[in-house]
Amino acid sequence: MAQKNRYGFVIDVARCIDCRACLVACRVENEVSLPHTRIWVKDQGLRGTFPDLAREFVPYNCMHCEHPPCIEVCTSGATFKDPDNGLVLVDQEACIGCGLCVEACPYDARYLDPTRGVVDKCTGCVHRVERGEEPACVATCLGGARMFGDFNDPTSEVSQALARATQVRQLVTDEVDPDPNIYYLNGDVMQTGLLPRPPRYTTAETLWRGVAIPAVIAGITLSFLGQAVAFTKQLIEGEQEFEE
Amino acid sequence: MTRIGPHVSRRDFLKLGGASVGALAAGAILAPPAAAAARKAGFIDVAGDGTIPTMCEMCVWRCGVLARVRDGRVVKLDGNPAHPHSRGMLCARGQAGLMSTYDPDRVLHPLIRVGPRGGGQFRQATWEEALDLTAQKMAEIRDNYGPEAMIFSSTHNLSQVQFENLLSAYGSPNYGTQRSLCFNAMVTAFLLTYGVEEPARNYDRVKFVLLTGRNLLEAISTSETAELMEAVARGAKLVVLDPRFTKTASKATEWIPIRPGTDAAFLLSMIHVIVTEGLADCEFVKKYVTGCEDIPAAMAEYTPEWGEAKTGVPAATIDRLAREYAAAGKDAMAHPGWRTSNFINSFQAERAIATLNALSGNVLTPGGCLVAESPEAAGIPLGKPPQPAYPRVTSMRLDGVPWKYPLVPLKLGIFQNIREAILSGQPYQAHGWFVSRQNPVLSIPDRARTVEAMGKLDFIAVVDVILNDTAWYADVVLPEASYLERYDPLNIVDHKLFLRQPVIEAQGEARSALWIYKQLGERLGLGEFFQYEDEEDYLRQQLAPLGAELQDVKYKGYLEVPVEEGDGEIVFGTPSGKIEVYSETLAGAGFSPWPTWEEPPAPAPDEFYLLTGKVGQHTQTATQNNAFLHQVEDEPKLWIHPAAASARGIEDGASVRVTSPIGSVVVTSLVTEGIRQDCLFLAPGYGHASKGLRVAYGVGVSDSDLHVTYTDPISGGQALSQTFVTVERA
Ligand code: SF4
Ligand code: SF4
Ligand code: SF4
């Protein structure tokens with residue numbers, strides 16, 4: 001492992017009761033403005049027929065992947081994997097709001113905040129972790145479904161949970177496997193419709209984004225910085241809207 | 001809690017989002033000054049930042065909260081690990097609590113109605129004017145018609161003790177609580193059987209949990225919900241009786257979609273098996289249970305086959321579950337439930353639950369699952385301000401307790417009967433209603449009748465934090481400070497005294513209930529019943545016998561009180577001192593002394609049972625205007641089974657009309673396998689009447705437009721599932 005620690009989540013699907021305390025906790029802790037969110041609970045819906053029924057709830061948020069597609073496309077270097085803890089973070093001062101990473105993330109775990117013109121997503125509550133606290137969503141999990149910690153530390157709660165588990169799943173397919181750092185216990189998660197998707201944009205767009213945007217940015221650094229950044233953001237956001 | 005502690009290298013120059021961003025933009029307009037008291041207490045540094053322990057009020061479980069404050073604004077609420085009800089967690093409602101405080105729809109100034117009642121037109125008034133007017137009207141009613149013409153109603157607030165003080169000092173017997181719409185059946189049954197209102201549950205070593213309609217994973221009590229999930233993860237067996245596939249049912253080992261109204265039959269059949277097969281904890285039963293020798297004879301007719309005919313659950317299943325329950329011995333728990341206002345026979349279901357627990361001997365044994373000990377029995381001597389004796393009340397209660405309903409505890413009462421008495425003018429005419437933090441317009445069945453009753457009153461005053469539906473019909477609205485802005489009387493949990501204290505300054509002119517009641521008392525000439533300077537003085541007087549300083553309690557948020565160990569001798573607070581499975585009291589009042597079967601009414605072939613129940617994101621009507629909760633709630637829809645739906649040409653998401661004997665509503669359908677074919681389900685609390693609730697108004701419909709008023713003659717409970725309805729495409 002390149003980094004010192006490898007932080008991530010273990011989620012015991014059998015214990016999620018879909019209470020949504022984690023959703024509200026994340027919003028308040030991180031001042032995520034309505035209607036956006038950094039965290040979801042996917043309700044798989046009922047399976048079976050009355051009275052032989054089953055229902056599972058699959059919580060998710062950014063998977064803090066080992067090989068994050070979001071970083072590969074980030075042109076400004078704002079998205080990075082923290083070498084100390086492995087968390088995938090966005091430096092919002094540096095983010096130009098191009099939204100490429102939003103398209104690239106196979107789990108749709110990012111959103112573009114149009115009012116701030118930056119991309120936002122789960123930070124692993126790194127500011128709480130720094131203080132020695134659990135992430136907000138983990139600390140308040142009523143069902144005891146969510147765990148967070150260092151997979152490189154064999155004594156951590158997450159490592160222990162994985163060691164004890166009889167069934168562990170990552171949400172990956174043969175085609176798309178960024179080695180996500182959320183490990184699921186006990187649920188039929190492969191049926192959830194949460195399996196990673198390939199990047200959404202077409203080759204032409206990839207080309208435009210991979211070549212033209214960096215070119216513009218390179219240009220900016222040589223010219224009137226402030227004005228141009230604003231202009232580029234506008235340009236890109238405009239294009240973003242057009243696309244949808 | 002796991003401790004995790006690295007440092008983050010790029011942290012210093014990073015902006016990872018949040019912090020300066022306006023998630024609470026709405027609230028930002030209302031930014032209060034930094035809480036001076038909190039700063040004085042040392043919670044908050046010069047910058048206005050810090051953490052203050054207090055208590056949640058988003059439901060009545062009252063979790064301990066650690067409120068994080070920045071620049072005099074509360075920015076995050078975390079569960080207090082030191083509080084047994086939160087254990088470091090808060091549910092969605094608790095997490096969203098600060099949005100209720102910063103709700104742009106808060107009522108922050110006293111209001112006096114200017115237009116017609118229910119028109120929603122108010123003008124801002126000073127406290128002086130609003131209090132003077134309220135007291136003057138209350139005095140007029142007392143002088144003209146006697147104090148009994150004034151109804152007081154409020155439920156389950158920590159300030160309840162001072163609300164009751166105002167009521168008793170004023171001299172009215174008419175006390176309306178929400179309880180008959182909720183747990184009268186459970187409380188009355190456990191009082192009669194064990195002498196305690198609500199036994200505490202202990203999941204430490206439970207192996208078999210029987211939930212009779214208790215939807216613990218959606219009707220959330222933070223610590224208990226978490227404890228149940230831990231027990232299930234440990235391998236405890238969870239059996240859920242519910243006509244609906246709730247989230248609790250989805251985690252159950254066995255879900256029994258029992259026919260509504262037949263819980264008592266199922267439970268009586270279990271008792272039959274246990275006593276006829278000699279599977280009970282005989283030693284315990286002989287020692288502590290009345291009528292022990294006669295139980296088998298009294299239960300003789302309730303065979304599993306009889307149970308099957310009533311409940312639709314196979315006799316073999318009842319027989320097997322009874323044996324499994326008995327085999328778990330003291331580690332089996334038949335949960336008492338909470339909102340048990342379902343059918344007129346719900347009281348008998350509760351008596352059967354009380355009996356099942358007695359048979360397993362789990363009550364009061366070390367580590368036993370049911371602790372039949374009242375919280376007051378903790379024996380903590382709290383002080384209170386000196387006061388004269390209350391005036392003698394001689395008039396009858398409007399709700400018929402006890403003159404028509406001898407067994408309903410006075411402090412529970414029968415709320416729905418008060419409404420009927422206003423309308424009938426019998427046994428006398430009521431003239432005024434003082435409501436505090438309660439919403440009878442939406443909670444009592446048959447909303448149209450409740451609104452009609454309000455029209456007959458000369459004066460209505462409402463204390464609340466928000467313009468709820470009842471406040472919408474009020475003449476005066478008195479704005480209470482939110483739970484993050486005020487003190488309340490102390491709360492005892494597990495030998496600890498917990499404090500609710502302000503973590504921010506009250507916004508606008510909102511004031512605590514302790515202050516409001518005292519102001520009214522003084523204006524009514526009842527000042528000697530309110531001998532406290534202010535909230536802190538009240539708390540100091542409460543703490544005086546314990547020799548504790550308020551400052552210390554404020555700092556920790558609680559006070560641990562040493563308690564004397566009991567001598568191990570178990571005496572139940574019943575007339576016999578035993579567990580009264582056989583009850584002379586019931587016999588004396590003309591009811592069956594044994595838990596017994598009462599046949600409930602059933603719907604006609606084209607009708608449905610209309611079920612109600614909770615969702616995990618709301619507390620009845622009170623939280624629905626919270627924008628954070630609104631965002632995570634499911635759209636309230638009418639659940640209907642696919643077979644019932646297709647027979648009526650109803651597709652999922654279709655607009656349907658539901659009609660009961662008293663009204664009809666149009667709502668969106670949710671076609672789901674998760675409900676019996678003869679049942680419909682509607683989440684309660686929606687369909688608000690107040691346009692002062694800008695988030696909640698216009699969302700969903702209210703089951704109070706459909707519910708027929710049916711009252712259990714023993715417990716006074718409202719039978720909420722006894723209303724039968726039809727459904728058709730709208
Ligand atoms: S889940 Fe998405 S946003 Fe998170 S690291 Fe993986 S690719 Fe990036
Ligand atoms: S770790 Fe923090 S930021 Fe990430 S989902 Fe949980 S609460 Fe939100
Ligand atoms: S807090 Fe826990 S139990 Fe509740 S929805 Fe989130 S993950 Fe599930």
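Okay, let's start with one residue: A:Asp108 has a relative accessible area of 32%, so it counts as partly exposed. On that scale, buried is under 20% relative accessible area, exposed is over 50%, and partly exposed is in between, using a 1.4 Å probe and protein chains only.

Before I go on, some ground rules. What we have is a predicted model, in which local features need pLDDT of at least 70 and side-chain atom pairs count only at pLDDT 80 or more, while totals for chains, interfaces and linings use all residues. Residues are numbered from 1 along each chain as its sequence is written, chains are lettered from A and ligands numbered from 1 in the order in which they are written, and side-chain values use heavy atoms, with hydrogens and water left out.

Back to A:Asp108. Which residue does its side chain meet in a salt bridge? The partner is A:Arg197, at 2.6 Å, N to O. By salt bridge I mean a side-chain nitrogen of Lys or Arg within 4 Å of a carboxyl oxygen of Asp or Glu. A:Arg197 sits in the loop between β12 (182-185) and α7 (203-222) of chain A, and A:Asp108 in the loop between α3 (100-104) and β8 (111-113), so this pair ties together parts that are 89 residues apart in sequence. Those helices (H or I, at least four residues) and strands (E, at least two) are DSSP runs, numbered from the N terminus.

Over all chains, the search finds 59 salt bridges. B:Arg447 belongs to helix α18 (residues 447-455) and B:Asp705 to the loop between β24 (679-682) and β25 (724-729), so parts 258 residues apart in sequence are tied together. B:Arg447 is buried at 13%, and B:Asp705 is partly exposed at 24%.

Then there's a local one: B:Arg320 with B:Glu324, at 3.2 Å. Both are in helix α14 (residues 315-327) of chain B, 4 residues apart, about one turn of the helix. Why does that spacing work? An α-helix has 3.6 residues a turn, so residues three or four places apart point the same way.

Now, where the two chains meet. 65 residues of chain A are in contact with 64 residues of chain B, where contact means heavy atoms within 4.5 Å. Together they bury about 5200 Å², 58% of it on carbon and sulfur atoms. Buried area here is the accessible area (1.4 Å probe) that two parts lose on being put together, summed over both. On the chain A side, A:Glu31, A:Phe50 and A:Leu142 lose the most area to chain B, together 14% of what that side buries.

How many salt bridges are there between chain A and chain B? The count is 5. One of them joins A:Arg128 to B:Asp78 at 3.4 Å, N to O. Those two also belong to a network of salt bridges that includes A:Glu29, A:Arg131 and B:Arg68.

A:Phe50 comes up again, by the way: a cis peptide bond joins A:Phe50 and A:Pro51, with omega about 0°. A:Pro51 is in the loop between β3 and β4 of chain A. Chain B has a cis bond too, between B:Gln426 and B:Pro427, with omega about -5°.

On to backbone angles. A:His64 has a positive phi of about 45° although it is not a glycine. A:His64 lies in the loop between β5 (57-61) and α2 (69-73) of chain A, and it is buried, with a relative accessible area of 0%. For context, most residues other than glycine have a negative phi, and most peptide bonds are trans.

Last stop, the ligands. Around ligand 1 there are 13 residues, and the closest are A:Cys62, A:Cys65, A:Cys70, A:Cys105 and A:Arg110. Around ligand 3, the residues include A:Cys16, A:Cys19, A:Cys22 and A:Cys141.

Terms used. Near = heavy atom within 4 Å.
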